[in-house]
Amino acid sequence: MFNQIELSVSSYDTAWVAMVPSPTSHRNPCFPACLNWLLDNQLPNGSWGPCRPHPLLIKDTLSSTLACVLALRRWGVGEEHMTKGLRFIESHFCSASDESQLTPIGFDIIFSGMVEYARDLNLNLPLRSTDIDVLFHKRDLQLRRENSKGREAYLAYVSEGLGKHQDWEMVMKYQRKNGSLFNSPSATAATLSHLPNSGCLHYLTALLDKFENAVPTLHPFHVFPRLCMLETVESLGIGQHFREEITSGEEEIFLDLPTCALAFRILRVNGYDVSSEALAGFAEEHFFNSLGGYLKDLDAVVELFRASQMIIHPNEQLLEKHISWTSHFLKQELSNTSKCAYKHKQNIMQKVNDALEFPHYASLERLVYRRNIVNYDVDDIRMLKSSYSSLSIGNKDFLRLAVEDFNACQSIYREELKQLERWVREKRLDKLKFARQKLGYCYFSAAATLCSPELSDARLTWAKNGVLTTVVDDFFDVGGSEDELLNLIQLVEKQDLDVSIDCCSEEVEIIYSALDNTISEIGEKAIAWQGRNIKTHVSEIEAQWSKEKAVPTVDEYMRNGYISFALGPIILPALYFVGPRLSEAVVKSGEYGLLFRHVSTCGRLLNDIHSFKRESMEGKLNAVSLHLIHGTNSVTEDHVNQELKHLIEERRRELHRLVLQKNDSI
């Protein structure tokens, strides 16, 4: 599937290609194989249309059927086929004005244009004159809309519906290097029928050489589905099964907004430092002057929004601007979409909502996988001028594998949680009445982040240290006396001590024993992963955190507060169990320290913004209160929050850059 992309046949586009006259004789079709395909592929009910019948695709079927009837009439063949086709149109024509139906792009213009063409061919359509007048009125309303470059592109795209009323010289401005108009066989065929052009002829000839006797509604169309497959297997949590599949850069990527944006995001996420200039051609003004902008293509905009979040360099103002206008546009479309329209666009609307609500830096992988599994549509209907489908998009096998993989991982997580519950009891941590019982929370944060089944040791280490930091934090805040706190710090710093003698209380003994035993356990386990005992380093992490408890100035707070936030004892030991060998030189390097500083600073400041009011009532200082204390009288809480959010964003982007960089990285 990764190597061969298959797209469903479009009877609508095949009919328009069948109508192209031969350049040597206008009495004969240029592509007779298409005409024969129409004769061989009429459905039992008299229609032509989607291979998979769907109750919401009647408009699509009407449009395809009328196009096929016109092609047969054009060359004077298939009298019986035409009769059956017209009978289907007559019995289903009421759906042409049904707003609950999925509507092909340009339906009002194209269907009306085909009705006019039927008159030119002396084909008597079984439609009432009042119904035809309604069709023409809808078309005229569309044609009277305000002129814009986007509207011009749209009218060029639906050229087959305008026929003799079209400005064909204007249409040729949109011809692509491959000779097509918008990669659309129907628009290209209609153009060639009215305006001889070697590029259009070459495109259609190459198309039939490839597909033989019937064409898809879009070609070429192989890069985007391949990128979609890569995105799908990653977003469903089964990417680890497809590590060998790769993509290569092609010109087609840069012609299409969703393709270019998806390629840019996938490349950056995988550590390729591609320039943001790749997205320079999709500025707000350019988009709204394009076909996609005129059609308000949500798929394209949501892909650009997600891609633009991949900022890794300080001055990527282009991506900043993209984030600004795309987020505004998407929020506007969400609020303006009616319930009926939302139902038809449920998949894309859910995608828009998720993109706005869960930015990439705030997504827990396991929750993302579950959400994508729940929302994955195996019957994903995509619509251009006719509907189309591809096994690469909305594939039930992907979903089945994702569900099996998810459930297999869930069973592993449940066993690990039971193991942790036993550990809490064995270490007597449940006896500490002052401590918050946060085991579920601590394990959830590990399992939602370190999802792969083989990372069990990393998850357990993360969760245990999360529980221990919570216990120690509560002990310093509410549970311990001053003597007990000093005693615990001294114990952490000591070597070769007797717990039964040196601990001044049962609480201190429980906490210290749990710390010491867990550090020893982590050190021994890490030997299998690292080939060395890392107990000393873990002890240093714990000791450094235990001592950081009070800072008087903003500068000192910013220098030391990231340590007291306690991500160090949780994250850093777990890194020894995620795969790579981490030498002493690596864990002591500036790059390693900077990664930790950035992630902890983001956490520290986010925590301080959210906990400011509660901590102020408790008489505690944090980044917000310290800025207010040391700032001028005019500084407000809102002003400080904005300043800290800006700092968080800076740190987050630098963290992102460090995570993704490959060159010059230790």
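The model is predicted, with a mean pLDDT of 89 over the chain and 94% of the residues at 70 or more.

Trainee: In which helix is the confidence lowest, and in which is it highest?

Mentor: Where pLDDT is low, the predicted coordinates should not be read in detail. Helix α17 (residues 339-344) has the lowest confidence in the chain, at a mean of 54. The highest value, a mean of 98, belongs to helix α1 (residues 11-18).

Trainee: How far apart do the C-alpha centres of domain 1 and domain 3 lie?

Mentor: The domain assignment divides the chain into domain 1 (11-176), domain 2 (222-398) and domain 3 (413-550). Between the C-alpha centres of domain 1 and domain 3 the separation is 71 Å.

Trainee: How many of the 10 residues of α9 are buried?

Mentor: Buried residues of α9 are Pro185, Ser186, Ala187, Thr188, Ala189, Ala190, Thr191 and Leu192. The elements that cover these residues include α1, α7, α8 and α10 (198-211). Helix α9 is thus largely enclosed by the rest of the structure, and the number of its residues that are buried is 8.

Trainee: Why is helix α7 (residues 149-157) said to be largely enclosed, and how many of its 9 residues are buried?

Mentor: In α7 the buried residues are Gly150, Arg151, Ala153, Tyr154, Leu155, Ala156 and Tyr157. They pack against α5 (107-120), α6 (129-143), α8 (168-171), α9 (185-194), α13 (284-288) and α14 (291-294). Helix α7 is largely enclosed by the rest of the structure because the number of its 9 residues that are buried is 7.

Trainee: Which residues of helix α12 (residues 257-269) meet helix α15 (residues 298-308), and at what angle do the two axes cross?

Mentor: From α12, Leu257, Pro258, Ala261, Leu262, Phe264 and Arg265 meet Ala300, Glu303, Leu304, Arg306 and Ala307 of α15. The crossing of α12 past α15 is left-handed. The axes of the two helices come within 8 Å, and the angle at which they cross is roughly 25 degrees. That angle makes the relation of α12 to α15 roughly parallel.

Trainee: Is Asn487 buried or exposed?

Mentor: Asn487 belongs to helix α23 (residues 482-493). Leaving aside neighbours within four places in sequence, Asn487 is in contact with Asp502, Cys503, Cys504 and Val508. Because its relative accessibility is 9%, and the cut-off for burial is under 20%, Asn487 counts as buried.

Trainee: What is the separation between the C-alpha atoms of Glu234 and Glu365?

Mentor: Glu234 is in helix α11 (residues 223-235), and with a relative accessible area of 36% Glu234 is partly exposed. Glu234 and Glu365 are 131 residues apart along the chain, while their C-alpha atoms are separated by 9.9 Å.

Key
Residues are numbered from 1 along each chain as its sequence is written. This is a predicted model: local features need pLDDT of at least 70, side-chain atom pairs count only at pLDDT 80 or more; totals for chains, interfaces and linings use all residues. Side-chain values use heavy atoms; hydrogens and water are left out. Domain bounds come from an automatic or database domain assignment. Helices (H or I, at least four residues) and strands (E, at least two) are DSSP runs, numbered from the N terminus. Buried means under 20% relative accessible area, exposed over 50%, partly exposed in between (1.4 Å probe, protein chains only). Contact means heavy atoms within 4.5 Å. pLDDT is the predictor's confidence in each residue, from 0 to 100. Axes are lines fitted to C-alpha atoms, for helices over the stretch in contact, and angles run from 0 to 180 degrees between N-to-C directions. Angles under 35 degrees count as roughly parallel, over 145 as roughly antiparallel, 65 to 115 as roughly perpendicular and the rest as oblique. A crossing is left-handed if the near helix is turned anticlockwise from the far one by less than a right angle, and right-handed if clockwise.
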